Amino acid sequence: MPMTESKRDTEAAAVAKTGRAPSYYERHIFFCLNERKGGEECCAQHAALEGFERCKTQVKAAGLSGPGKVRVNKAGCLDRCAAGPVAVVYPDAVWYSYVNNDDIDEIVESHLKNGRVVERLLVPGDLGR
Ligand code: FES
């Protein structure tokens with residue numbers, strides 16, 4: 001359904017006032033699921049798909065999914081492969097590296113549900129590709 005002019009005006013007024021649009025989701029988490037051929041290092045080699053699926057399941061089970069709440073999305077390479085598997089939460093711009101379901105569950109419960117960053121899982125700021 002196309003956006004009406006008045007809704008567009010409301011959106012534009014919010015951007016003019018705050019410098020950013022109202023967020024459709026409170027938080028958005030992107031999981032790198034990139035897979036490289038030939039055995040080259042990538043997040044897919046480190047159970048990224050399992051982490052993504054666990055997060056989706058846990059977010060839904062906690063009643064956190066949907067507009068105004070949380071969205072869990074797949075992503076291609078996020079160019080922080082050396083920390084893989086990685087996920088990033090926006091608008092907070094917090095990067096995580098995870099190993100198992102316990103890590104994912106803690107990200108969901110602490111960060112996505114309660115807004116508290118899980119410091120033990122943070123990707124060091126200088127770790128890139
Ligand atoms: S392959 Fe996952 S960040 Fe590059």
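Helices are DSSP runs of H or I with at least four residues, strands are runs of E with at least two, and both are numbered from the N terminus.

Before I go on, the source of all this. This is a predicted model, where local features need pLDDT of at least 70 and side-chain atom pairs count only at pLDDT 80 or more, while totals for chains, interfaces and linings use all residues. Residues are numbered from 1 along each chain as its sequence is written.

Back to α1. How many of its 14 residues are buried? The count is zero, so the helix is hardly covered. Buried means that 20 or more other C-beta atoms lie within 10 Å of the residue's own, exposed means 12 or fewer, and partly exposed is in between, with C-beta atoms placed from the backbone. After α1 comes G19, with a positive phi near 85 degrees.

Now the sheet. It is open and has four strands in the order β2-β1-β3-β4, with mixed pairing. The edge strands are β2 and β4, the latter at residues 94–97, and each pairs on one side only. On average, neighbouring strands are turned by 20 degrees against each other, direction ignored. That angle is taken between axes, which are lines fitted to C-alpha atoms, for helices over the stretch in contact; angles run from 0 to 180 degrees between N-to-C directions.

Two strands pair if DSSP finds at least two bridges between them. Between β1 and β2 there are six bridges, in the parallel sense. Across that pair, R27 stands opposite V70 of β2, and I29 stands opposite V72 of β2. On the β3 side, β1 runs antiparallel to its partner, joined by four bridges. There, H28 has Y90 of β3 as its bridge partner.

β1, α2 and β2 form a β-α-β unit, and it is right-handed. That is, with the strands pointing away from the viewer, the path from the first strand over the helix to the second runs clockwise.

Next, the core. The largest nonpolar core has 20 residues, and I29, F31 and C55 have the most contacts inside it. Such a core is a set of buried Ala, Val, Leu, Ile, Met, Phe, Trp, Tyr and Cys residues joined through C-beta atoms within 7 Å. Two or more residues each come from β1 (27–32), α2 (48–61), β2 (70–75), β3 (86–90) and α3 (101–114). What does I29 touch, leaving out residues up to four places away in sequence? The list is C55, V70, V72, A87, V89 and L112. Contact means C-beta atoms, placed from the backbone, within 7 Å.

Last, the backbone exceptions. Most residues other than glycine have a negative phi, and most peptide bonds are trans. In the loop between β2 and β3 lies P85, joined to G84 by a cis peptide bond with omega about 5 degrees. D79 is in that loop too; D79 is not a glycine, yet its phi is positive, about 65 degrees. D79 is exposed, with 11 other C-beta atoms within 10 Å.

The loop between β3 and β4 holds P91, and the Y90 to P91 peptide bond is cis, with omega about 10 degrees. A93 is found in that loop as well, with a positive phi near 60 degrees. Is A93 buried or exposed? With 7 C-beta neighbours inside 10 Å, A93 counts as exposed.

Key. Two residues are in contact if their C-beta atoms, placed from the backbone, lie within 7 Å.
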